[in-house]
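Please read them with the coordinates open beside you.

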Amino acid sequence: MDTIFQTFHQSQYQGSGPDLATTLTPIAPPHDPTLLRRFHKNSNVFSIHKDIESYIRIPQCHLSKAESTAWIDIYVAYWKAVGEILRAETGHHRHDWAIKVYEAWKEVTNLLIRGYSHAGFGAWTMPCLYTVGKYLRVFAIKADEEQAVKVGSGEVKMESDALGDDIMAGFEKNERLEDAARVINRIFTLCISDRAPIEESRKFGLYYTTNLLFKTYFKLNSISLSKNCLRALEAARTDMPSMEQFPKSHIVTFKYYLGVIHFLDEEYHK
C-alpha cells in the first residue's frame, strides 16, 4: 500500500490531478506490474478500513474531515474492486468475472462522485473521474459481452422455461452499458452544474465527460441521446471556459464526434 499512498500524499501536496488518478487505475503500470497485487495483499476485508484510514487521516494530507472520510471510502471500494480484478485474472470467477468487476468498479465511481457533491473535492482532482469513468465503460462492455455468452450458451434457460419468455426480455443486450451511461451522465451533471469560479471549476471536465458519453451512446446505437449533451452545453456556453482553455485532446475528440453527428443528420454545411 505504501507506493499508492505515497503517490496520494505527493499528489495532494502538489495538487497534481493526473498523478492522483494513477492511484485509482485498475491496471498496474508497466514499470511496476505487481503493484495492484501487493496493494490488495497487504490488507484483508476485516482491517481494510482501518488500514486505509491510517494512511489518509494524517496531518500531512491537510484534508478536512469530510474529505478524509470520502477518500477512505473510495479507497476501500477500490481495494475491493482490485480484489475482483485479481480473482478474475486467476480464473476464480470463471464465467461471471466481468459482471462482478463492473459492479465493484461502479461502487468506486459512485463514491468518487459523492466525494465531489458532498465532500467538496477540488476541481484539480478531476482526472480521477476521467479514469474511473473510462474504465466503468470498459467493464460495462465486458460485462454485457459476458452476459450475452451466458444467454447464448443456455445458462439461463431454466429460468426462462420456469418463468416464461418475458424473463429473457429482461436480459438486455447492453444492460450494464446503459447503466454505465446513467452513471457517466451524473459526472456530466456534476461538471455542468458547478458554480465555482472558472479557475476552480469542474466545468473543465465537461468535454472529456461529453466525449465519454458520445462513445457510450454510439456503442449503444443511441446517437440521438448525444444531442441532449449538445443542448446542455449550448445552454451553459456563457458560463463555461472558452474552448481554447480546454486540453486540445478533449476538443479534437469532441469535434470529431460532433462532425459524425452532423454527417448522420445530413447537416453537411456544419
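In which hand does α11 pass α13 in their crossing? The crossing is left-handed, and point 2 places it among the other details of this pair, after a word on confidence in what is a predicted model.

1. Confidence. The mean pLDDT of the protein chain is 90, with 70 or more reached by 90% of its residues. The stretch to treat with care is residues 158-171, over which pLDDT stays under 50 and for which the model has 12 contacts beyond four places in sequence. Where pLDDT is low, the predicted coordinates should not be read in detail.

2. The α11 and α13 pair. Helix α11, residues 206-219, packs against α13 at an angle of about 40°, and the two axes are 9 Å apart.

3. H250. This residue belongs to helix α13, which spans residues 248-264, and H250 counts as buried because its relative accessibility is 8%, under the 20% cut-off. Leaving out residues up to four places away in sequence, H250 touches Y207, Y208 and N211, and also Y130 and F204.

4. The nonpolar core. The largest such core has 79 residues, and W71, Y75 and Y78 are those with the most contacts inside it. Helix α5, residues 65-89, supplies the largest share of this core, namely 13 residues. Beyond its neighbours within four places in sequence, Y78 is in contact with I4, T23, L24, T25, L36, F39, W105 and V108.

5. H62 is placed in the loop between α4 (48-56) and α5, whereas N221 lies in the loop between α11 and α12 (226-235). H62 counts as exposed because its relative accessibility is 67%, and N221 counts as exposed because its value is 66%.

6. P33. This proline is found in the loop between α2 (17-21) and α3 (35-41), and P33 counts as exposed because its relative accessibility is 60%. P33 and C191 are separated by 158 residues in sequence and, from C-alpha to C-alpha, by 33 Å in space.

Methods
Residues are numbered from 1 along each chain as its sequence is written. This is a predicted model: local features need pLDDT of at least 70, side-chain atom pairs count only at pLDDT 80 or more; totals for chains, interfaces and linings use all residues. Side-chain values use heavy atoms; hydrogens and water are left out. pLDDT is the predictor's confidence in each residue, from 0 to 100. Contact means heavy atoms within 4.5 Å. A nonpolar core is a set of buried Ala, Val, Leu, Ile, Met, Phe, Trp, Tyr and Cys residues joined through side-chain atoms within 4.5 Å. Buried means under 20% relative accessible area, exposed over 50%, partly exposed in between (1.4 Å probe, protein chains only). Helices (H or I, at least four residues) and strands (E, at least two) are DSSP runs, numbered from the N terminus. Axes are lines fitted to C-alpha atoms, for helices over the stretch in contact, and angles run from 0 to 180 degrees between N-to-C directions. A crossing is left-handed if the near helix is turned anticlockwise from the far one by less than a right angle, and right-handed if clockwise.
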